[in-house]
Structure formats: structure tokens, C-alpha cells
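Subject: Structure handover

Hi,

Here is the structure I promised to pass on. Please open it alongside this note. My findings follow below.

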Amino acid sequence: SKWKQLFKQLKQIIKSTPDSDPAKPELFYRLSELYRERAAAISIKAYEAEDACMSSAGTDGARAECERRRKAVVDSSKRYRDRAIKIYMHIVRNYPGYPRLDNVLYALAFNYQQKGNPEGAKKIYKTLIRKFPQSSRVPDTLVNFGELIFQEGKADKAARIYKQVIANHKDAAVYGYARYK
């Protein structure tokens, strides 16, 4: 498949690139994003297949089978997300001067959040906000952090976080969502 070919080519380029080459962290970031995109694509297809299956399922048993199939496919996508997380961590540990480290931290936290690791996600979101207060990722980071806080039942604290987006990031894509929350 094209995915496998892309992974193979990029891994070969990474392997042949010296660690001291400034392009190396960017190559790792591209590989991690390929893994993330692959996980997302598999999940999307699984939900689309479930929708199609449900539309023709006439019984509770058939609907349960549709759901079971979707869950199995989504579970298979987790290995790609895990690989992306592993590479994001490698970049954070080994390339602290990487110019796009804010993007790496955001992706790492978001993937932790998607994986059901809210504590890991919150820790990294906090790091991103502290180390990169001017990053274009801060509004999304604040909204995602606020969501995690809200899910813990801390609505007042979450509201204060959303208000930071409303007050300081009027041009952000998540501004309307923060106002809604």
C-alpha cells in the first residue's frame, strides 16, 4: 500500500540522516504525523463502515455485531497512535531546540487525550503553555485542557480557562467554541 511505502521511505531517510543534522527532528515529526494520520484514517473508516452496517442491521444482535466490528478496527488503529506518541516523546527528549516543539507537544498531549490518558495530556498541555506562551497552539491547548477539567466535574475552573481564550485569542479558530462553553 501507499502508506507502507511512505513509512518505509521516510524511515530509510531518517536512518541515513545523521543525528546532528538539523533536519532530523523534522523527519521524525513527519513520521509521527504519518502514524497519527494513519490511526485517524482507520478510525474514520471504521465509523463509516459501522454507519453503513447499522443502516442495514435489522436486529439488536446485528447492530451489536456492527459495533463490535467498529471497535475491533478502532483498536487496531491504536498501534499507529502509540507509534506516533513514541516518536513525539523521542523528539521532546532528544531535540529540545526543535523550532516546532510546540506542535510536537500539542500533538503528544492531544494523542494522550484521544487515548484516554487525561493526566498525561494535562501535564503536557501545561508544559506547552508554560514553555511556549506565544504559540499558535495555545488557544487549542487551553480549550482541550478546559475540556479535561470540565470532564473532572470542575466546571468553574474550566470556565476560567475558556475565558482566557475569549479574552486573549479572539482570532483563534476555537474562539466560538470557548464562548459557547
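One disulfide turned up when the whole structure was searched. Keep in mind that this is a predicted model.

The bond runs between Cys53 and Cys66, with an S to S distance of 1.9 Å. Its S-S torsion is about -75°, so the disulfide is left-handed. Cys53 sits in helix H2 (residues 24-56) and Cys66 in helix H3 (residues 60-94). The pair therefore ties together parts that are 13 residues apart in sequence. Are the two cysteines buried or exposed? Both Cys53 and Cys66 are buried.

Next, the packing of H1 on H2. Helix H1 covers residues 2-16. Its axis and that of H2 come within 10 Å. They cross at roughly 160°. An angle over 145 degrees counts as roughly antiparallel, so that is how H1 and H2 run relative to each other. The crossing of H1 past H2 is left-handed.

Which residues make the contact? On the H1 side they are Trp3, Leu6, Phe7, Leu10, Lys11, Ile13 and Ile14. H2 contributes Lys24, Leu27, Phe28, Arg30, Leu31, Leu34, Tyr35, Glu37, Arg38 and Ala41. Sorted by class, the contact of H1 with H2 has 12 nonpolar and 5 charged residues, and no polar ones.

Best wishes

Terms used
Residues are numbered from 1 along each chain as its sequence is written. This is a predicted model: local features need pLDDT of at least 70, side-chain atom pairs count only at pLDDT 80 or more; totals for chains, interfaces and linings use all residues. Side-chain values use heavy atoms; hydrogens and water are left out. A disulfide is a pair of cysteine sulfur atoms within 2.5 Å. Helices (H or I, at least four residues) and strands (E, at least two) are DSSP runs, numbered from the N terminus. Buried means under 20% relative accessible area, exposed over 50%, partly exposed in between (1.4 Å probe, protein chains only). Axes are lines fitted to C-alpha atoms, for helices over the stretch in contact, and angles run from 0 to 180 degrees between N-to-C directions. Angles under 35 degrees count as roughly parallel, over 145 as roughly antiparallel, 65 to 115 as roughly perpendicular and the rest as oblique. A crossing is left-handed if the near helix is turned anticlockwise from the far one by less than a right angle, and right-handed if clockwise. Contact means heavy atoms within 4.5 Å. Ala, Val, Leu, Ile, Met, Phe, Trp, Tyr, Cys and Pro count as nonpolar, Asp, Glu, Lys and Arg as charged, and the others, Gly among them, as polar.
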